[in-house]
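Dear colleague,

Please find below the structure that I am handing over to you. My notes on it follow directly after.

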Amino acid sequence: MDLEIKNIDNKYHSLLELTQSVESVINKTYTKSYWVKAEIAKLNFYPKSGHCYPDLVEKQNGKVVAQMRAIIWAGSFKDMSLKFTNVTNEKIGDGMTVLLRCSVKFSPIYGLSLQIHDIEPSFTLGELAKEKQKSIARLKDEGKFYKNKQLLPPLLIQRLAIISVETSKGYQDFIKVIDNNEWGYKFFHMLFPALLQGDGAVKSITSQLTSINKIIHHFDAVLIIRGGGGDIGLSIFDNYNLASSVADFPIPVITGIGHSTNFTVSEQVSFVNKITPTEVGYYLIHKFHKLSVRIQDVENILLEKSNGILSHNREILKQLSTKLKATTERLVYQNNLILKDINYKFINAIQKSINKQNHLLNNILLLITNQTNKLFIENNHTVMTLTEKIRLLHPENILKRGYSITVYEGKVVKDAKFLNDGDILETTFTKGKTISIVNK
Amino acid sequence: MNKIKYTDAIIELEELVAEMEKNEIDVDELTKKVKRASELIKICKEKLHFTEEEVTKILKEINT
């Protein structure tokens, strides 16, 4: 339609005239409301007023090919939000593809915009589901889907990097469970705070995973836990980037993000998924306990086995000792017999030898005695003969036979020539003596 | 605390148990093995109830 030219020179229009003209064209052309599919680049919700001023875009191959500002008045937004969350379990937020009923508005001051009246949540649900399937398909294509699950974890999952919100009930519950376990098992845990829902959650979690990866040698596992938030806002865990970071992480990632149906992609690719943080806690304690029980078993087996080996060896020793004793006794007995025999023979030999010597001695003795006797007898005879001779020669016996002995001055006179006249002689006879004087 | 890792300790323990169960150990070795096993059991038990990580040290590492 042509713009009516009103000024004198007929050469130009005022800005207002132009914008009003545009407004009237638009109002006449876009008379109804329309269902439009768009991505919410940014929701721009103002909590104070309750109004939203979303930036809507359409992308092709990642490039923005259309863009438009929009407005949702507080009243509409409240209804739309409720309806949307009831169906999708998500809050209307950045990055979502939505189907909106809107009308085209043009204001001379604010320009072109879309006023949004209504939303079709099931459309987004479908989009989210498609997004999720795409993430899964891509992770499988890239060979990442089972990567974290197939990790060989250490036996002892003791040092935990926890991605959570410090003030959340889920985190508090978890800490309570593992720090106060009844067996006194000791965990080391360190919190890496992150947003776990809504805009920015994906970036927040992946950047914490990157931080943890830098100091990975301090940890046995990463825990992503969340609780108390209901099922709302879980679609971020279907995000390819997040799920990929989890799947590709070099140590086990354990999830406990608090819902029980329709697991998100991140939960599907995680090493282990539990419904709640508390269950994650019990899972870890149970693993500890299994180790503890095994160690107890091992201790018992070792005790039993070493006792077995010892008593077996003791039995062998006992048998050996019995055998040894029997053999020794037998040997001692045998040797005793031999000794006794030798002893007997020895004594016999000595006895024989003594007897022989005795006999010899006796013979010698007899010989000596005989010889002595003979000698004695012989000598006796000689003595007797001599005695007789001596007796016969005794002067008395000579005198008896008539002989006499003449003594001069005490000497026997054997030669008369040595005598002189007047010598006095003493003559002895067998009986009596006489004195005489020589007279020649 | 002992530098041996829990996993290594338990693997060594299980090997000892296997050896024992096969009755392949003679009395001379037995004392040695039982001593080693007791050490390993002690290490494992301690590891379950003790950790030496410190948050402040790790934080320093992140920031360097």
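Please note that the model is a predicted one.

Asn397(A) belongs to helix α9 of chain A, which covers residues 395-400. Its relative accessibility is 17%, under the 20% cut-off, and Asn397(A) therefore counts as buried. Apart from neighbours within four places in sequence, Asn397(A) is in contact with Arg391(A) and Leu392(A).

The second topic is helix α1 of chain A, residues 15-29. From first C-alpha to last, this helix of 15 residues reaches 21 Å, close to the 21 Å expected at 1.5 Å a residue. Its buried residues are Thr19(A), Ser21(A) and Ile26(A). Viewed down the axis of α1(A), these fall within an arc of 155 degrees, so they line one face of the helix. Among the elements that cover them are β4 (97-107) and β5 (111-119) of chain A.

Lastly, the strands. In chain A, β1 (residues 34-42) runs antiparallel to β2 (residues 55-60), and three bridges join the two; Lys42(A) has Asp55(A) in β2(A) as its bridge partner. β2(A) also pairs in the antiparallel sense with β3 (residues 63-71) of chain A, over six bridges, and Lys59(A) stands opposite Val64(A) of β3(A). Two residues lie between the strands of this β2(A)-β3(A) hairpin, where Asn61(A) takes a positive phi near 55 degrees.

With kind regards

Technical notes: Residues numbered from 1 in each chain as written. Chains lettered and ligands numbered in written order. Predicted model: local features only at pLDDT ≥ 70, side-chain atom pairs only at ≥ 80, totals over all residues. Heavy atoms only, no water. Helix = DSSP H or I, 4+ residues; strand = E, 2+ residues; numbered from the N terminus. Buried < 20%, exposed > 50% of the residue type's maximum accessible area, 1.4 Å probe, protein only. Contact = heavy atoms within 4.5 Å. Pairing = 2+ DSSP bridges. Expected span 1.5 Å × (residues − 1). Arc of directions from axis to C-beta.
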